[in-house]
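Student: I have a new structure to get to know. Can we go through it together?

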Amino acid sequence: MGKFVFVLGLFWLGWIVLSKQAPGGGSAPTLITQDDRRQADNREYQVIGGQMWRSQDHRGKVLVVNLWATWCGPCVGEIPDLVSLAEGYKGKDVEFLGVSTDTISDTTILEFAKDHHMPYPIARYLPEPGVASSFGIPVTFIFDKQGRLAAKTDGPIDLGAYRKTIDRLLGE
């Protein structure tokens, strides 16, 4: 059992190292044309620390919502790119929200976010009663200034492609 855990740990560590070093190793967002965008439901997330984050409070801004977990290697591997994006768009009409799918304590999630220098609010994913989560992580959604889903990425993000997409949406 000990050898299996050691090998699994090496595999996870190798995945993180490779995902950080491989240029263009992430996925570009799949952009939805303006004509095909539909208004997203108003979403509310409980931000760890108390306040509610409501999507309708952020109209007029591009929203980047990333679902992730502390145990997910690809999620951890894309955090530096998300941090770079959040810092690069600070003071512009772009908001970021990290949504943890973890089942660990709030304190542990916040410590993880602090250790990884995540400058955006972190909320918990709370599925509606009776609804199982049926998505893989990481998954990232980008909403346009009107609150419509404009792009999505399944898997780690591609930093350059995300910059282009956000810039495009800011120009709309």
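Student: Which residue takes a positive phi in the hairpin of E7 and E8?

Tutor: Glycine 147 does, with phi near 85 degrees. The hairpin has 5 residues between its strands. Helices (H or I, at least four residues) and strands (E, at least two) are DSSP runs, numbered from the N terminus. Before we go on, this is a predicted model, where local features need pLDDT of at least 70, side-chain atom pairs count only at pLDDT 80 or more, and totals for chains, interfaces and linings use all residues. Residues are numbered from 1 along each chain as its sequence is written, and side-chain values use heavy atoms, with hydrogens and water left out.

Student: How many bridges join E7 to E8?

Tutor: 5 bridges, and the two strands run antiparallel. Strands pair if DSSP finds at least two bridges between them. E4 and E7 are also antiparallel, joined by 5 bridges.

Student: What stands opposite phenylalanine 143?

Tutor: Leucine 63 does. In E8, the bridge partner of phenylalanine 143 is leucine 149.

Student: New topic. How many residues has the largest nonpolar core?

Tutor: It has 30. A nonpolar core is a set of buried Ala, Val, Leu, Ile, Met, Phe, Trp, Tyr and Cys residues joined through side-chain atoms within 4.5 Å. Leu85, Phe96, Met118 and Ile122 have the most contacts inside this core.

Student: Which element gives the most to this core?

Tutor: H2, with 7 residues. Another core, of 11 residues, lies apart from it, with Val47 and Ala123 among its members.

Student: And what does phenylalanine 96 touch?

Tutor: Skipping residues up to four places away in sequence, Phe96 touches Val64, Leu82, Leu85, Ala86, Tyr89, Tyr120, Pro121 and Ile166. Contact means heavy atoms within 4.5 Å.

Student: Now aspartate 102. Where is it found?

Tutor: In the loop between E5 and H3. Aspartate 102 is buried yet has no salt bridge. A salt bridge is a side-chain nitrogen of Lys or Arg within 4 Å of a carboxyl oxygen of Asp or Glu.

Student: What is the nearest side chain of opposite charge?

Tutor: Arginine 124, 6.6 Å away. For charge, Lys and Arg count as positive and Asp and Glu as negative, while His and the chain ends are not counted. The side chain of aspartate 102 makes a polar contact with that of serine 100, at 2.9 Å. That term means a pair of N or O atoms within 3.5 Å; within protein, one must be able to donate a hydrogen and the other to accept it, and residues adjacent in sequence count only if both atoms are side-chain atoms.

Student: Which side chain meets arginine 124 in a salt bridge?

Tutor: Aspartate 106, at 2.6 Å, N to O. Aspartate 106 sits in helix H3 and arginine 124 in strand E6, 18 residues apart. Arginine 124 is buried, at 16% relative accessible area. Aspartate 106 is partly exposed, at 36%.

Student: How many salt bridges does the count come to?

Tutor: 7. One of them joins glutamate 172 and arginine 37, at 2.7 Å, N to O. Glutamate 172 lies after H4 and arginine 37 between E1 and E2, so the pair ties together parts 135 residues apart in sequence.

Terms used
Buried < 20%, exposed > 50% of the residue type's maximum accessible area, 1.4 Å probe, protein only.
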